[in-house]
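My notes follow in the order I checked things.

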Amino acid sequence: MGYEYDLMKKFAKQQGLRLEVKVAPPGADMIAMLKAGEGDVIAASTTITPERQARGIAFTRHYHRVQEQLLTHINALPLPDKDALNSRTLTIKGSHAYWQTAQQLLNEGYNFTLVEASSDQTTSDLISAVNLGEVDATIADSHLIAVEHKFNDNLQPGLKLEPKQSLGWAVRHNNPELLAALNQYIKKNYRGHFFNVTYNKYFRNEKRIDRYQGQRLTDSTRLSPYDDLIKPLAAQYHFDWRMLVSQMYQESKFNPKAKSFAGALGLFQVMPRTAQELGVTLPLTPETGIYAGVSYMDWTRDRFEKTLPLDERLWFALAAYNAGFGHVNDARRLARQQGWDGNKWFNNVEKAMLLLQKRQYYSKVRFGYVRGTEPVNYVRQIRDRYTAYLAL
């Protein structure tokens, strides 16, 4: 999935072509790969620059414009303007254009410490380091920050720096027909309905619903419109119904017609294939959506050993519901390697889950990279809301 993927998939379909995607490894020279014939188009949020064009490639007209942006942790002082940089520390990869931007800011008289990141760190790695509190601040393109911020409340976007940069797709210079077709596609669709819907799908940081909205109750005997449906299922599968209500709110805000950009459906955001494997027909109703979610939670919980304490099995099941059983198992093994308790989620396995965002860790586990902040925030917010329900 991804912005470029969706745009390219639409282009390929219109041209009667089959899209093949090759994901370049971190640090790879995609221009060299393109010129060597390993692909036909670079579609990777690439800034149009004369230096890149001089290497024998041709860029399309721009399909998106971005700005470099300051970024820090939500618990740090914000960076709303350049003066806020004084006495701060920016960590940036020396070979990246962001480094030149930081050097220019120093030349303008702003007094901050500039630290060069290791050569194997990507921009995503540095955003993750900000999230984990390992570095004070960094610079990244605004669209990259937008997609990370959409999933992570710990990030605090700051000032967008001028000027705006144009992003384009790149082809070999001897491929004029493909270049012309791409330009025609962009010209027809740029800022049109399809491009705008696709952009909002991945980057728009929607107005966040107060995470405690589900606790604003005038009648403490009812937590949701679906209590009567969920209580018998909770009893059947041996869950606390209030925990399931907290999870349902986390998944859908009690909207039975909710649909995620990945295709998950209903009150418990179950994938269509999962629902069908559970014997549930589509489209989901509130009843079948709840049944599918609770059944899947039960199946997920049963994959963890019964020797675990009941509460830990619950936290692990929630994490697996969100991120997948394989990623949770990877995190448990990594936790033990780090000297933490692989049988405890909070402050142990959840810390390892965050490490699986970093290449030096995810490259050595079976299921690879996972956006660890998602399951960590998911479990914590369900737990906190559940605790508030119990207090009522």
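**Ground rules.** I call a residue buried under 20% relative accessible area, exposed over 50%, and partly exposed in between (1.4 Å probe, protein chains only). The model is predicted, so I take local features only at pLDDT of at least 70 and side-chain atom pairs only at pLDDT 80 or more, while totals for chains, interfaces and linings use all residues. Residues are numbered from 1 along each chain as its sequence is written, and side-chain values use heavy atoms, with hydrogens and water left out.

Entry 1: F254 has one, near 65°. I found F254 in the loop between α10 (241-252) and α11. Helices here (H or I, at least four residues) and strands (E, at least two) are DSSP runs, numbered from the N terminus. F254 is buried, at 16% relative accessible area. S45 is another non-glycine with positive phi, about 55°. S45 sits in strand β1. With 18% relative accessibility, S45 is buried as well.

**Entry 2: cis peptide bonds.** I checked omega next. The bond joining E162 and P163 is cis, with omega about -5°. P163 belongs to strand β7. I also noted a cis bond from L282 to P283, where omega is near 0°. P283 lies in the loop between α11 (272-277) and α12 (286-302).

**Entry 3: strand β7 again.** L159 is also in β7, which covers residues 155-172. L159 is partly exposed, at 22% relative accessible area. I took its C-alpha distance to V245 and got 38 Å.

**Entry 4: helix α4.** Which residues of α4 are buried? In this helix, residues 97-107, I listed Y98, W99, T101, A102 and L105. Looking down the axis, I saw these buried residues fall within an arc of 160°, so they line one face of the helix. The arc is that of the directions from the helix axis to the C-beta atoms. G109 follows α4 and has a positive phi, near 105°.

**Entry 5: salt bridges.** My rule is a side-chain nitrogen of Lys or Arg within 4 Å of a carboxyl oxygen of Asp or Glu. By this rule I count 19 salt bridges.

I started with E20 and R18, whose closest N and O atoms are 3.0 Å apart. E20 is exposed, with 59% relative accessible area. R18 is exposed too, at 67%.

Then I took E38 and K22, which form a salt bridge at 2.8 Å between the closest N and O atoms. E38 is in the loop between α2 and β1 (42-47) and K22 in the loop between α1 and α2, so the pair ties together parts 16 residues apart in sequence. E38 is partly exposed, at 41%. K22 is exposed, at 53%.

E134 and K358 also meet in a salt bridge, 2.8 Å from N to O. This pair links distant parts of the chain, 224 residues apart. E134 is in the loop between α5 (123-131) and β6 (137-141). K358 is in the loop between α15 (345-355) and α16 (359-362). Are the two partners buried or exposed? E134 is partly exposed, at 45% relative accessibility. K358 is buried, at 13%.

I also found a network: salt bridges with shared partners join E148, R371 and E374.

**Entry 6: surface patches.** I build patches from residues with over 30% relative accessible area and no salt bridge, joining like charges within 9 Å and nonpolar side chains (Val, Leu, Ile, Met, Phe, Trp, Tyr) within 5 Å. Areas come from the Shrake-Rupley method with a 1.4 Å probe; for residues, only the protein chains shown count as cover. Lys and Arg count as positive, Asp and Glu as negative; His and the chain ends are left out. I place each charge at NZ of Lys, CZ of Arg, CG of Asp or CD of Glu.

Which residues make the patch of positive charge? K9, K10, K13 and K188 gather there. Helix α1 (residues 3-15) gives the largest share, three residues. K10 lies in α1 and is partly exposed, at 31%.

The nonpolar patch I noted is Y5, L19, V21 and V23, with about 370 Å² of accessible area together. V21 is in the loop between α1 and α2 (30-35). V21 is exposed, at 54%.
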